Amino acid sequence: MNTHKTLILNSTFQPLSLATPQRALALLFSKKINVLKESDIKLRSVGQSVAIPKVAVLTYFVKAPYARRVALNRENIFIRDSYACQYCSNAAESIDHIIPKSKGGSHEWSNVVACCKKCNLLKADKLLNKTSLNLKIIPKIPEGNFWIKTIIGNNPDPDWKEYLVLT
Ligand SMILES: [Zn+2]
């Protein structure tokens with residue numbers, strides 16, 4: 001559950017992480033963030049009432065996110081492929097190995113795509129050129145700010161949207 005969490009932006013305004021209300025207020029009191037948007041929820045702290053930030057920007061630069069490796073798992077493949085079958089664009093329900101494992105295909109980002117049930121049945125254990133299916137994109141390892149999507153999830157707080165320029 002991401003409700004009440006604060007979207008923390010790096011000093012460059014790149015999305016960085018989500019913070020709990022307690023963490024956000026600790027950052028605020030130690031002057032490590034500037035609040036860009038407040039929520040309606042207030043916490044009483046040190047005798048005063050403070051609004052939990054919805055979005056805040058760090059006052060200093062954190063070097064890290066680009067080096068973060070995105071785990072190759074079902075959920076992250078679905079996020080990369082926008083929950084759509086990469087053969088027909090219908091809702092994805094499973095993962096397809098483009099070169100089947102039984103034919104030496106490896107389990108890596110370039111060989112896996114989100115896939116619907118129908119295409120999965122058509123594809124079965126065949127090589128792509130032995131089917132009528134075509135890939136819409138060449139699957140790649142996710143880059144840029146992808147990992148923030150895996151933190152924020154599929155339904156980000158609407159108040160975060162303008163700050164979530166994802167590449
Ligand atoms: Zn499909």
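Q: Let's take contact to mean heavy atoms within 4.5 Å. With that settled, what share of the contacts between residues at least 6 apart in sequence join residues at least 24 apart in the protein chain?
A: It comes to 57%. Before we go on, this is a predicted model, so local features need pLDDT of at least 70 and side-chain atom pairs count only at pLDDT 80 or more, while totals for chains, interfaces and linings use all residues. Residues are numbered from 1 along each chain as its sequence is written, and side-chain values use heavy atoms, with hydrogens and water left out.

Q: Thanks! How many helices and strands does the protein chain have?
A: There are four helices and six strands. Both are DSSP runs numbered from the N terminus: helices are H or I with at least four residues, and strands are E with at least two. Their order along the sequence is β-β-α-β-β-α-β-β-α-α.

Q: And is the protein chain compact or spread out?
A: Its radius of gyration is 20 Å, well over the 15 Å from the globule rule for 167 residues, so the chain is more spread out than a compact globule. That radius is taken over C-alpha atoms, and the rule is 2.2 Å times the number of residues to the power 0.38. The C-alpha trace spans about 70 × 30 × 25 Å along its principal axes.

Q: Okay, and what about the surface: how much of the accessible area belongs to carbon and sulfur atoms?
A: They account for 54% of about 9800 Å². The areas come from the Shrake-Rupley method with a 1.4 Å probe, and for residues only the protein chains shown count as cover.

Q: What percentage of the residues is buried?
A: Buried residues make up 40% of the 167. Buried means under 20% relative accessible area, exposed means over 50%, and partly exposed is in between (1.4 Å probe, protein chains only).

Q: Which residues have the most contacts inside the largest nonpolar core?
A: Leu 7, Leu 9, Val 55, Ile 152 and Trp 160, in a core of 17 residues. Strand S1 (6-9), strand S4 (48-58), helix H2 (74-80) and helix H4 (146-152) each bring at least two residues to this core. H4 gives the most, with four. A nonpolar core here is a set of buried Ala, Val, Leu, Ile, Met, Phe, Trp, Tyr and Cys residues joined through side-chain atoms within 4.5 Å.

Q: Switching to charges, how many side chains are positive and how many negative?
A: There are 24 positive and 12 negative side chains, and the centres of the two sets lie 4 Å apart. Lys and Arg count as positive and Asp and Glu as negative, leaving out His and the chain ends. Each charge is placed at NZ of Lys, CZ of Arg, CG of Asp or CD of Glu.

Q: Is Lys 54 buried or exposed?
A: Lys 54 is buried, at 17% relative accessible area, and is found in strand S4. Beyond its neighbours within four places in sequence, its contacts include Glu 38, Asp 157, Asp 159 and Trp 160.

Q: And Lys 118, buried or exposed?
A: Lys 118 is exposed, with 61% relative accessibility, and sits in helix H3. Its C-alpha is 9.5 Å from that of Glu 93, 25 residues apart in sequence.

Q: Now the loops. Where is Asn 10?
A: Asn 10 is in the loop between S1 and S2, and it is buried at 2% relative accessibility. Not counting residues up to four places away in sequence, Asn 10 touches Leu 16, Val 57, Leu 58, Tyr 60, Phe 61 and Val 62.

Q: What is the phi of Phe 13 near?
A: It is near 70°, a positive value in a residue other than glycine. Most residues other than glycine have a negative phi. Phe 13 lies in the loop between S1 and strand S2 (15-19), partly exposed at 44%.

Q: How about Ser 89, what is its phi near?
A: Near 75°, again positive in a residue other than glycine. Ser 89 is in the loop between H2 and strand S5 (94-97) and is partly exposed, at 43% relative accessible area.
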